[in-house]
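Have a look at the model first, then read on.

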Amino acid sequence: MTQTSVQTAHYVPADLPTSIRHFIGGEFVDSVGGETFDVLDPVSNQTYATAAAGQQADIDLAVAAAKDAFDNGPWPRMLPRARARVLHRIADAVEAQDARLAELETFDTGLPVTQALGQAQRAAENFRFFADLIVAQADDTYKVPGKQINYVNRKPVGVAGLITPWNTPFMLESWKLAPALASGCTVVLKPAEFTPLSASLWAEIFRTAGVPDGVFNLVNGIGERAGDALVKHPDVPLISFTGETTTGQTIYRNCAANLKGMSMELGGKSPAVVFADADLDAAIDSTLFGVFSLNGERCTASSRILVERSIYDDFCARYAARAARIVVGDPHDPRTEVGALVHPEHYAKVMGYVEIGKTEGRLLAGGGRPAGLPEWLARGNYVSPTVFADVAPTARIFQEEIFGPVVTITPFETDADALALANGVKYGLAAYIWTTDLSRAHNFAQSVDAGMVWLNSHNVRDLRTPFGGVKASGLGHEGGYRSIDFYTDSQAVHITLAPVHPPRFGGK
Ligand code: NAD
């Protein structure tokens with residue numbers, strides 16, 4: 001039976017805002033037309049705040065403020081060191097209030113508080129990383145001895161439109177805000193409508209750190225209204241989007257009319273491949289954490305485990321026993337390992353897949369709401385960690401992103417079978433390989449369709465490495481200098497060092 005934590009009442013953070021507003025041109029504002037939407041917390045599923053619902057008019061104001069700050073303000077023209085100082089102050093501020101950020105994020109998203117705390121610290125680290133990067137950055141120079149020098153003049157692109165999802169929202173916003181601001185762009189952020197709370201904290205953090213008015217603008221709202229208006233705005237030359245693959249396809253089409261720059265971080269269905277020679281204890285620890293941390297609402301979740309036949313039964317038994325002992329409960333309880341899913345709509349989607357799974361696989365753990373939840377958690381979006389074994393590659397739960405605490409296990413016979421299974425889905429975000437055979441590990445890594453591979457390792461990011469997916473998991477890679485490349489244009493400047501010698505048209 002699923003374990004539950006022992007807290008006795010739902011924790012509500014002090015001074016919880018009851019209205020969440022846009023931030024445009026340095027001011028908190030409501031929507032021009034006064035539109036709002038309700039914001040729920042995922043434990044009580046009650047409305048705790050109303051948020052301004054941005055429309056075309058609000059996006060127009062935010063883009064105008066960002067464009068004015070870009071065209072006329074100091075931010076794009078500051079020396080990298082001066083911008084870096086501001087970014088470090090942002091990181092300091094995030095670190096100083098990490099516990100507050102974590103409790104608000106946990107309240108709004110249902111993420112376990114210990115994990116939300118880690119995400120807040122990671123958000124600070126993203127700002128530090130890009131602050132350091134722009135100070136260290138050099139651009140290429142190409143010498144043609146005695147004739148020419150050609151160099152790259154890097155220029156911020158302009159107003160960046162940033163559209164983010166509801167899983168780890170604050171951290172994922174930082175992943176776009178930090179490189180965009182570091183590059184000298186000004187921004188309009190449209191956070192996910194399920195989880196607008198933590199995004200509203202950026203405004204005060206940025207203002208106090210010295211970000212000039214108009215550089216950071218925030219418009220809340222529904223994707224199809226506020227997000228769509230941002231994507232289609234002619235004064236926004238680039239869009240960085242993280243979210244579902246189908247939304248990414250819509251945005252891709254809508255960017256085409258204005259030939260915008262795009263970065264797309266999309267869905268995943270990542271394999272964890274466990275060979276018989278693996279360190280099984282480590283593989284079990286990692287594959288449990290890989291799919292059940294962050295409530296399974298994780299783009300790089302190892303949601304398909306492929307296990308070599310000779311250890312399959314042992315692996316399944318040990319894995320299921322551990323999954324059944326995962327502590328599900330109030331996200332604010334530090335003992336909680338899996339909290340409440342973000343929203344009733346998402347809960348219904350995940351529960352739908354759990355029911356489909358019962359017809360497609362052998363249920364080893366979970367399979368519905370956790371038993372024994374106390375009364376005060378009874379309205380929350382709880383799904384117990386669910387494990388299906390013997391799942392065929394044609395099954396929907398093998399092919400489709402569930403984005404919740406649900407995992408499939410499938411046996412394989414040979415390395416070639418494992419690779420075919422790993423690559424047999426439309427996604428290609430991450431892959432995790434467990435084997436002590438060095439050649440096999442590298443050969444597999446190099447053949448698997450995945451933007452990122454971890455060998456005998458759980459998901460630890462090195463911020464310098466490329467981040468992104470292949471196939472339906474994304475377009476373009478960010479991370480390190482690649483992020484700076486996205487938010488800047490690399491202009492080529494050519495200088496002659498010798499007498500010019502063009503062919504003399506009309507000189508005969
Ligand atoms: P979503 O696509 O529903 O929404 C993401 C954002 O897009 C939200 O802000 C939403 O309001 C906005 N949006 C929706 N329709 C829009 C439109 N027509 N035009 C403009 N904006 C629009 O995604 P979600 O449910 O919030 O997030 C979960 C998804 O995100 C999962 O598929 C997950 O794998 C993916 N994700 C990917 C990564 C990655 O790095 N690859 C990271 C985190 C999450």
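How far is an oxygen atom of the ligand from an N or O atom in the side chain of Lys-190? In this predicted model, the answer is 2.7 Å.

- Over at Gly-243, a backbone N or O atom lies 3.4 Å from a ligand oxygen.
- On its own the ligand would expose 850 Å², and the protein buries 93% of that.

**Where the ligand sits**
- You'll find the ligand in the largest pocket.
- Helix H7 (223-232), strand S12 (238-242) and helix H8 (245-256) are the elements that give two or more residues to the shell around the ligand.
- H7 provides the largest share of that shell, with five residues.
- Domain 1 (23-266 + 473-492) and domain 2 (271-455) both supply shell residues, so the ligand lies between them.

**Who's in the shell**
- There are 31 residues around the ligand, and Lys-190, Glu-193, Thr-247, Leu-266 and Glu-401 come nearest.
- By type, the shell splits into 14 nonpolar, 10 polar and seven charged residues.

Definitions and conventions: Residues are numbered from 1 along each chain as its sequence is written. This is a predicted model: local features need pLDDT of at least 70, side-chain atom pairs count only at pLDDT 80 or more; totals for chains, interfaces and linings use all residues. Side-chain values use heavy atoms; hydrogens and water are left out. A residue is near a molecule or strand if one of its heavy atoms lies within 4 Å of it. A polar contact is a pair of N or O atoms within 3.5 Å; within protein, one must be able to donate a hydrogen and the other to accept it, and residues adjacent in sequence count only if both atoms are side-chain atoms. Accessible areas come from the Shrake-Rupley method with a 1.4 Å probe; for residues, only the protein chains shown count as cover. On a 1 Å grid over the protein atoms alone, a cavity is a set of points where a 1.4 Å probe fits but cannot get out, and a pocket is an open set with protein on both sides within 12 Å along at least five of seven lines; lining residues have an atom within 4 Å of a point. A molecule sits in a cavity or pocket if more than half of its atoms lie within 2 Å of its grid points. Helices (H or I, at least four residues) and strands (E, at least two) are DSSP runs, numbered from the N terminus. Ala, Val, Leu, Ile, Met, Phe, Trp, Tyr, Cys and Pro count as nonpolar, Asp, Glu, Lys and Arg as charged, and the others, Gly among them, as polar. Domain bounds come from an automatic or database domain assignment.
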